[in-house]
Amino acid sequence: MAKITFYGGVGSVTGSKYLLESNGKKILVDCGLFQGERELRERNWQDPPFNPKDIDAVIITHAHIDHTGFLPRLVRLGFAGKIWTSRATADLMKILLLDSARLQEEEADYRNRHNLTNHTPALPLYDETDARETFKLLSPVPNTAEPHEICEGITANFRVAGHIIGASMVLVEMANARENGDSIKFLFSGDLGHYDQPILHDPAPPPACDYLMCESTYGDRLHDEVPSDEKFAEIINEAYKRDAPILIPAFAVGRTQEILYMIRELEDDHKIPSMPVIVDSPMAAQATQVYNRFSEEHDEEYASILAKKIHPLRPDWMQTASTREESKRINNMKGARIIISASVMLTGGRVLHHALRIVPDENATIIFVGYQAAGTAGRRIQNGEKEVKILKQWIPVRCHVERVESFSAHADWKTVLRWLHGLPNTPKSVFTAHGEPDAAQAMAQHIRDEFGWNVVVPQYEQTIELA
Ligand SMILES: [Zn+2]
């Protein structure tokens, strides 16, 4: 007897947590933090609906916080099993979970200083010590499809999902207790990336399975098809002619490296002039190092550039700022230059100090490469508002505002269907998860229309028996 319960990543794109139970063993696939609306975030504080001490092992599909950010809490509450994940994901987790722990500590601190807490003192969800304890449980494996026994009777194998570096789809095989000796194969897509993208391999074809859970972030949307590098070159050349700076607010892991790769390529092809490219984020600098470490994560082009002893993520004239002093020095630079810094939506981080100078400057340019949520400074600028509040100051918006949208780490629904076409058999059931309710429903309908398969949109805390 086996079953799955959906404890997150359903009805929402955050909090991914799927509990598999088979022959008395309990496996958790992903252990993400709920983010966004308050009602969701409060779930992070509730006791988990299972005892963390009873979990035999955890499988992690990729390093993003909505898939890993609850792990230090799980460890704090007594989980002591192994955490299975790809090698690159393990390295990225060490960067991202420490950052997450610091944010948790800062938030608790803020609540205490402003008397915003019912508990005195307010405690963080977890701290740096919990994060470091979590790292001790990591059991990294290559993303190359070999089966690994993760506990008695259960194996898992990891293949490239193409979403960010290290991202995996995971096939979990559970030995069946009944006499026929059959096993149950459950495939988790994880977050799926695109085909023909820079740096990363295409998503691996899905292996034969009985059950399949597939992501549906873009279940009701398609990406536009304008090649981002052409648009980028145009914007950069315009800014260069004005001898003016460009600010790109970008997430430190994934997007920053994609942009660096593109700038380096545009330079090599002489489509843009060389100019200073500044990465102002200590996390981004650390994450960039992880990119060259594991050959199984690189597509052929990336590997061939590395073979020529060229760093694929290093434009001609790149500088990174790790310390605050370096960051301040960069702030005083003049002339054409590209500054990449987090956060994406101008909600915090070092990018704000740059925004204070760039946004009121009519020669400067800001390029948005990620989704800007309602209410954020990024969204206000993008919407053409005349003034915006940054670091408690109202500043006029005079800079050029650009948007390059074709950057997204997620497959849209047509790409998910293309991926599913590679499945060699008809699964008993497909579950659509990791999507807002409308997106998950739409993805389910696209799959039914295309293949005629049985597709279920699971609900929060729903349990489904697997036969
Ligand atoms: Zn993700």
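Predicted model: local features only at pLDDT ≥ 70, side-chain atom pairs only at ≥ 80, totals over all residues.
Q: Which residues coordinate the zinc ion?
A: The ligands are H62 through NE2, H64 through ND1, H163 through NE2 and D191 through OD, at 2.2 to 2.4 Å.

Q: And what is the arrangement of the four donor atoms?
A: It is irregular, because the angles subtended at the zinc ion run from 88 to 176°. A tetrahedral assignment would need all angles between 85 and 135 degrees.

Q: What spacing do the donors follow along the chain?
A: The pattern is H-x1-H-x98-H-x27-D. H62 sits in the loop between β4 (57–59) and α2 (65–68), and D191 in the loop between β10 (183–188) and β11 (211–215), so this pair ties together parts that are 129 residues apart in sequence.

Q: Are H62 and D191 buried or exposed?
A: H62 is buried, as is D191.

Q: Staying with that loop, where does G190 lie?
A: G190 is in the loop between β10 and β11. Its relative accessible area is 12%, so G190 counts as buried.

Q: What is G190 in contact with, leaving aside neighbours within four places in sequence?
A: The contacts of G190 are T61, S168 and E215.

Q: How many Å separate the C-alpha atoms of G190 and N363?
A: The separation is 42 Å, and the two residues are 173 residues apart along the chain.

Q: Changing topic to helices: at what angle do α4 and α8 cross?
A: The axes of α4 (residues 87–113) and α8 (residues 282–291) cross at roughly 170° and come within 9 Å. That angle makes α4 roughly antiparallel to α8.

Q: Which residues meet there?
A: From α4 they are A88, D91, L92, I95, L96 and D99, and from α8 they are M283, Q286, A287 and V290.

Q: What about α10 and α11, how do they pack?
A: Helix α10 (residues 324–331) and helix α11 (residues 351–358) pack at about 15°, with axes 10 Å apart. The angle makes α10 roughly parallel to α11.

Q: Is that crossing left-handed or right-handed?
A: The crossing of α10 and α11 is right-handed. S327, I330 and N331 of α10 make the contact with H353, H354 and R357 of α11.

Terms used: Residues numbered from 1 in each chain as written. Heavy atoms only, no water. Donors = N, O, S within 2.8 Å, 3.2 Å for Na, K, Ca; no water. Tetrahedral: all angles 85-135°; square planar, octahedral: opposite > 155°, others 65-115°. Helix = DSSP H or I, 4+ residues; strand = E, 2+ residues; numbered from the N terminus. Buried < 20%, exposed > 50% of the residue type's maximum accessible area, 1.4 Å probe, protein only. Axes fitted to C-alpha atoms, helices over the stretch in contact; angles between N-to-C directions. Parallel < 35°, antiparallel > 145°, perpendicular 65-115°, else oblique. Left-handed = near helix turned anticlockwise from the far one by under 90°. Contact = heavy atoms within 4.5 Å.
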